[in-house]
Amino acid sequence: MSDTDVVQPDPAEVKPEQVPSEDSAEKAAERRRAVESVLPALREAAGAEHVYTEDHQVRTYESDGLLHYRARPAAVVLPGSAEEVREAVRICFEAGVPWVARGAGSGLSGGALPVAGGVVIGLSRLRRVLEVDLDNGRVVVEPGVTNVEVSAAVGPTHFYPPDPSSQIVCTIGGNFAENSGGAHCFKYGFTTNYVLGAEAILSDGTMVEIGGAASDMPGFDLLGALVGSEGTLAVVTKITLRVIPTPESVRTLAAFFDSVSDAGDAVSAIVTGGVIPAAIEMMDKLAIEAAELATGVGFPTDAGAALIIELDGSESEVEAQFADLESTCERAGATEVRIAETAEQAALFWKARKACFPAMGRISSSYYVQDGVIPRTKLTEVLQRIEDLATEYELRVANVFHAGDGNLHPLVCYSGPDEAEKAEELSGKILETCVEFGGSITGEHGVGVDKKAYMPKMFGEPDLAAFQKLRCAFDPHALANPGKVMPTPRLCGEVPGPYREHPLERAGLAERF
Ligand SMILES: Cc1cc2nc3c(=O)[nH]c(=O)nc-3n(C[C@H](O)[C@H](O)[C@H](O)COP(=O)(O)OP(=O)(O)OC[C@H]3O[C@@H](n4cnc5c(N)ncnc54)[C@H](O)[C@@H]3O)c2cc1C
C-alpha cells in the first residue's frame, strides 16, 4: 500500500487508530489494484467526469462527520441514476471490490468511512423528487434529496416529521440508513415510521423493490431490516415516504432553570401529565453558553438549563395545553419562561438548539459528539453521573438532547492528543452508563465504525450471530460497507465457536452460506 492510502492526520485532532484495526495495508493495496482494473468500466457506467481517482478529489470523501477516522478510497463514483448505481455495484461485485454508499457525509459514527483502497458510491446526483401524492400523503424521492427538501416538496399543507438538526444537508438515503431522528420524533416517531417502500441494489447488482405505497405489506418486514442497516445490506436508490398534514397551530416556549435536575423534573411532570409535546429539547449551561456565542439569540448564559418545548395540533387543543405547560414549568422551578409570539421568535429558539453541535467549536477546539439513550425517568441520575465522570477526567461535557426520548448527546470537550484519548475513554464510560441504566449505545447516530466495539455490551453472541445471518442473506460477499456495525469482522459462512457440521448439511439437505 502506498502511504497515501491511510492518511496520517494531525495527531492533535484525531484518535491514534485511523482505520478499523482488522484491515491491513496489503489488503488495501490489493483492493486498489482491483479497482484500477475496473476504472474504465466505472467511467463508462457513470461518465468519466463522475469518477474521481485523483488524490485531491478523493480526499474530500475520506471521512464523514466523525473526523477521527480517515481512509482513502481508490475511487469515488457519482452515478446519475439508479441504473448507473446498479452498474457500479455490479462492476464492484465482479471485481470483488467493497464499496460504501455515501449521502452528504454528515454521519457522526463513521458509517460512510471508506474502505481503504475500495470504492465510494456517492448519491449526491440522485436528488429528484419523483412523485408527490398529497391526497394519499405519499412522496417518492431519490436518496440524495436532503431532509428539508422533502418537507419543502410537500409543504405548506404537509410535512415530513423526522428532522435531524443536520436536516439542511443530510440526505434521505443517509436518514434511511441511520434510521435518523430529530427534535420532533418524541411525538412523531423516527424515519422507520415514515418509510413505506424502497428500491435497493443488492451487492451483486440485483435491483429489488421492498415495500410499496401501502402502509402494511404482507410477508417478512424486510423494509424494517433495511432501515437503520447503515448501508451494510444494500444501497437504496428510491424511497417512498409517508408525509402528514401540517398541524393547524404550533406554539413554542423556552423555559430556563437553575439546574438540569429542575429541568428534568419539568420534563417528567409534562409527560406524566398527559401532554405529548411535538418536541422537548434540553440544553445545559455549557450548551447554552456555546449556542449563545454562536447565535446571539439572547438566551441567559447564567441559566443552568434550558428547555425548548413545542406543542402542535388543533388551535383549541394547543391553546388549552399551552397554559398548562407554562405553569408546569413554573411549578418545576423555571426561573424564566419565554413564549414565542411569532414564528420568527420560535425559529430563533430553534436556531440556538440546532446550532449546539457546531457552536461547541466556540468553547473548545475539539469535541466528541456522543449519542446514547436512557429511560427518561433516569435523566437526573444519569446527568449527575456524567458530571461526576467529567470531574474525574478533568474534561468539560456539554449536554444537549432530545429530553422527551431520553436521547442524550453529551459533547465531550478536549484539546491535544493526551486529552483526545481521555475524551474517548470518557465517552465510552458514558455509553456504559447508558446501558447500565437500561438504555442504548445509540439513539440516532448509528453504530458505524465508532461504536461497534460496544455492541457486545448490548447484545449477546446469539444476537450478533442472528444479525450476521441477516447480513449474509442480503450481502453474502460482504461487499456493502464492510467493517461497520458488527464488532468483529466475520465472513458469511462463519459461525461463532468451532465449526460443527449440521445434520442437514451432512444429509445434503442444506448448505452453509
Ligand atoms: C451538526 C449535526 C447534527 C446532527 N443532528 C442529528 C440529529 O438530530 N438526528 C440524527 O439522527 N442525526 C443527526 N446527525 C447525524 C447525521 O446527519 C445523520 O446520521 C444523517 O442521517 C446522515 O445522512 P447523510 O446523508 O449525511 O449520510 P452519510 O453520512 O453520507 O451516511 C450515513 C450512513 O448511511 C449510509 N448511506 C447513505 N446513503 C445511503 C443509501 N442511499 N443507501 C444505503 N446506505 C446509505 C452510509 O453508508 C452510512 O453508513 C447530525 C450530524 C451533524 C453533523
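Trainee: By class, how many nonpolar, polar and charged residues does the shell around the ligand have?

Mentor: This is a predicted model, in which local features need pLDDT of at least 70 and side-chain atom pairs count only at pLDDT 80 or more, while totals for chains, interfaces and linings use all residues. Residues are numbered from 1 along each chain as its sequence is written, and side-chain values use heavy atoms, with hydrogens and water left out. Ala, Val, Leu, Ile, Met, Phe, Trp, Tyr, Cys and Pro count as nonpolar, Asp, Glu, Lys and Arg as charged, and the others, Gly among them, as polar. On that basis the shell has 13 nonpolar, 16 polar and four charged residues.

Trainee: Which element gives the most to the shell around the ligand?

Mentor: Helices (H or I, at least four residues) and strands (E, at least two) are DSSP runs, numbered from the N terminus. Strand S3 (99-102), helix H5 (172-178) and strand S10 (235-242) each supply at least two residues of the shell. With five residues, the element that gives the most is H5.

Trainee: How far is an oxygen atom of the ligand from an N or O atom in the side chain of Thr 171?

Mentor: Thr 171 is among the closest of the 33 residues that surround the ligand, where a residue is near a molecule if one of its heavy atoms lies within 4 Å of it. The distance from its side-chain N or O atom to the ligand oxygen is 2.6 Å.

Trainee: Which residue places a polar side-chain atom 3.0 Å from a nitrogen atom of the ligand?

Mentor: A backbone N or O atom of Ser 165 lies 2.9 Å from an oxygen atom of the ligand. The nitrogen atom, in contrast, has at 3.0 Å a polar side-chain atom of Glu 444.

Key:
A polar contact is a pair of N or O atoms within 3.5 Å; within protein, one must be able to donate a hydrogen and the other to accept it, and residues adjacent in sequence count only if both atoms are side-chain atoms.
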